[in-house]
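Subject: Structure handover

Hi,

Here is the structure for you to look over. My notes follow below it.

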Amino acid sequence: ITYNIYMKKINKNLPIAFAVVILLLLIGIFSRLGSGGSQNINSQLSESEVVGLTKMREEEKLSRDVYSVLYDKWGVQAFSNIGGSEERHTSQVKTLLDKYNLPDPVKDDTIGIFTDPEMLKLYNQLTEKGLVSVSEALKVGVIIEELDIKDLDEEISKTKNPEIIAVYENLKRGSENHLRAFSNNLEKRGE
């Protein structure tokens with residue numbers, strides 16, 4: 001086959017190949033639109049991973065909310081600084097919820113509002129204890145961070161997803177730093 005004959009065959013078949021590619025692209029687009037316009041990738045997660053992400057979203061919000069109340073009451077800078085960090089932590093978990101098309105349990109971001117009744121109960125208990133004195137408030141910080149570390153260790157053990165593990169390990173490092181900060185504040189007060 002000479003070069004000219006070969007090029008004529010390619011040019012003759014090129015519109016067909018182009019049409020097939022366009023058709024395949026359109027099928028992909030319309031199949032996505034039929035599923036709500038977003039790819040449903042939450043089927044990649046186990047039930048325990050879904051439960052874990054949901055729990056950690058509200059648990060990080062609980063930390064932020066309690067610290068906000070305690071800062072307003074006592075003016076201890078550690079509560080403000082760590083509360084800001086908790087805001088970033090809860091946002092990191094929300095990013096994963098969004099990525100995996102999971103519902104956000106935080107329907108109302110108002111301080112003290114939780115979907116999980118157990119989180120609301122814990123929030124009320126910790127806030128009440130922390131409003132007694134500055135020392136009790138700092139002890140509440142220790143309790144929260146120890147709970148976060150324990151829960152993050154548990155959630156890390158339930159997943160093989162590297163992205164979830166990376167976020168949880170980052171949150172855990174933050175909680176370890178926060179725990180040290182609250183413990184140091186208590187130590188400075190002689191407790």
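His178 sits in helix H6, residues 162–188. Helices (H or I, at least four residues) and strands (E, at least two) are DSSP runs, numbered from the N terminus. This is a predicted model, in which local features need pLDDT of at least 70 and side-chain atom pairs count only at pLDDT 80 or more, while totals for chains, interfaces and linings use all residues. Residues are numbered from 1 along each chain as its sequence is written, and side-chain values use heavy atoms, with hydrogens and water left out.

Is His178 buried or exposed? His178 counts as buried because its relative accessibility is 7%. Buried means under 20% relative accessible area, exposed over 50%, and partly exposed in between (1.4 Å probe, protein chains only). Beyond its neighbours within four places in sequence, His178 contacts Ile82, Ser85, Glu86, His89 and Glu145. Contact means heavy atoms within 4.5 Å.

Asn170 is also placed in helix H6. Its relative accessibility is 28%, so Asn170 counts as partly exposed. Asn170 and Gln92 are 78 residues apart in sequence, yet their C-alpha atoms are 9.6 Å apart in space.

Overall fold

The protein chain has six helices and zero strands. Along the sequence the pattern reads α-α-α-α-α-α. Of its 191 residues, 37% count as buried. Among contacts in the protein chain with a separation of 6 or more, 78% join residues 24 or more positions apart. The chain exposes about 11000 Å², with carbon and sulfur atoms supplying 59% of that. Those areas come from the Shrake-Rupley method with a 1.4 Å probe; for residues, only the protein chains shown count as cover.

Cores

A nonpolar core is a set of buried Ala, Val, Leu, Ile, Met, Phe, Trp, Tyr and Cys residues joined through side-chain atoms within 4.5 Å. The largest has 23 residues, and those touching the most other members are Leu62, Val66, Tyr67, Phe79, Leu138, Ile144 and Phe182. At least two residues each come from H2 (47–74), H3 (77–99), H4 (117–130), H5 (134–157) and H6. H5 gives the largest share, seven residues. What does Phe79 touch? Not counting residues up to four places away in sequence, Phe79 touches Tyr67, Leu70, Tyr71, Ala137, Leu138 and Phe182. Another core lies apart from this one, with 14 residues, including Leu53, Tyr100, Val167 and Leu171.

Gly75 follows H2 and has a positive phi, near 70°.

Asn101 lies in the loop between H3 and H4. Its phi is also positive, near 55°, in a residue other than glycine. Asn101 is partly exposed because its relative accessible area is 30%.

Cavity

On a 1 Å grid over the protein atoms alone, a cavity is a set of points where a 1.4 Å probe fits but cannot get out; lining residues have an atom within 4 Å of a point. The count is one cavity of 30 Å³ or more. The largest cavity holds about 30 Å³ of space. Its lining is Ser48, Glu49, Leu53, Glu155, Lys158, Thr159, Ile164 and Tyr168. H2 and H6 are the elements that give two or more residues to this lining. H2 gives the most, with three residues.

Best wishes

Notes: 1 Å grid on protein atoms, 1.4 Å probe; cavity = no way out; pocket = protein on both sides within 12 Å on 5 of 7 lines; lining within 4 Å. Points joined across faces, edges and corners; volume = space filled by probe spheres on them.
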